[in-house]
Amino acid sequence: MIKKNNRIVSELNSLKLPIDEIAEKIHVSKKTIQLWNKNGCKTDIDTLCNISTLTNQSTDYLLGLDDRQFLDTSGIDKQIQKELCILINKLKDH
């Protein structure tokens, strides 16, 4: 599990989308997002990648490891973006 992080919650809230729509897009329940808003976000790598893709923010930024906000994914298919995010995280583990 990724540790509690309020930057993730802030970025999700900045989307100005209904909670149920965000939940559907990142494959979590509405209740999970409500809990994040109350207690901060604690999530797994797959969900982090989904949030990164949805918010167009790097995983490092979302985790507070980097202050650069934007991941330029213009022109890249959403599935490829997700696969790249997973690959980058695997490379960081080695």
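## The largest pocket

A pocket is an open set of grid points where a 1.4 Å probe fits, with protein on both sides within 12 Å along at least five of seven lines. In this predicted model, the largest pocket holds about 190 Å³ of space.

Its lining is formed by Lys25, His27, Asn50, Thr53, Leu54, Lys78, Gln79 and Lys82. Helix H4 and helix H6 (78-93) are the elements that give two or more residues to this lining. By class, the lining comprises 1 nonpolar, 4 polar and 3 charged residues.

## Helix H4 and its ends

The buried residues of H4 are Thr47, Leu48, Cys49, Asn50, Ile51, Ser52, Thr53 and Thr55.

The N-terminal end of H4 is capped by aspartate 44, which places a side-chain oxygen 3.2 Å from the backbone nitrogen of aspartate 46. Just after the helix, asparagine 56 adopts a positive phi of about 60°.

In soluble globular proteins, nonpolar side chains tend to be buried together. Here the largest nonpolar core contains 14 residues, and those with the most contacts inside it are Ile8, Leu12, Ile26, Ile33, Trp36 and Ile51. At least two residues of this core come from each of helix H1 (6-14), helix H2 (19-26), helix H3 (30-39), H4 and helix H5 (59-63).

Isoleucine 51 is one of the buried residues of H4. Leaving aside residues up to four places away in sequence, isoleucine 51 touches Ile8, Leu12, Ile26, Trp36 and Leu62.

Key. Residues are numbered from 1 along each chain as its sequence is written. This is a predicted model: local features need pLDDT of at least 70, side-chain atom pairs count only at pLDDT 80 or more; totals for chains, interfaces and linings use all residues. Side-chain values use heavy atoms; hydrogens and water are left out. Buried means under 20% relative accessible area, exposed over 50%, partly exposed in between (1.4 Å probe, protein chains only). Helices (H or I, at least four residues) and strands (E, at least two) are DSSP runs, numbered from the N terminus. A polar contact is a pair of N or O atoms within 3.5 Å; within protein, one must be able to donate a hydrogen and the other to accept it, and residues adjacent in sequence count only if both atoms are side-chain atoms. On a 1 Å grid over the protein atoms alone, a cavity is a set of points where a 1.4 Å probe fits but cannot get out, and a pocket is an open set with protein on both sides within 12 Å along at least five of seven lines; lining residues have an atom within 4 Å of a point. Grid points are joined across faces, edges and corners, and a volume is the space filled by probe spheres set on the points. Ala, Val, Leu, Ile, Met, Phe, Trp, Tyr, Cys and Pro count as nonpolar, Asp, Glu, Lys and Arg as charged, and the others, Gly among them, as polar. A nonpolar core is a set of buried Ala, Val, Leu, Ile, Met, Phe, Trp, Tyr and Cys residues joined through side-chain atoms within 4.5 Å. Contact means heavy atoms within 4.5 Å.
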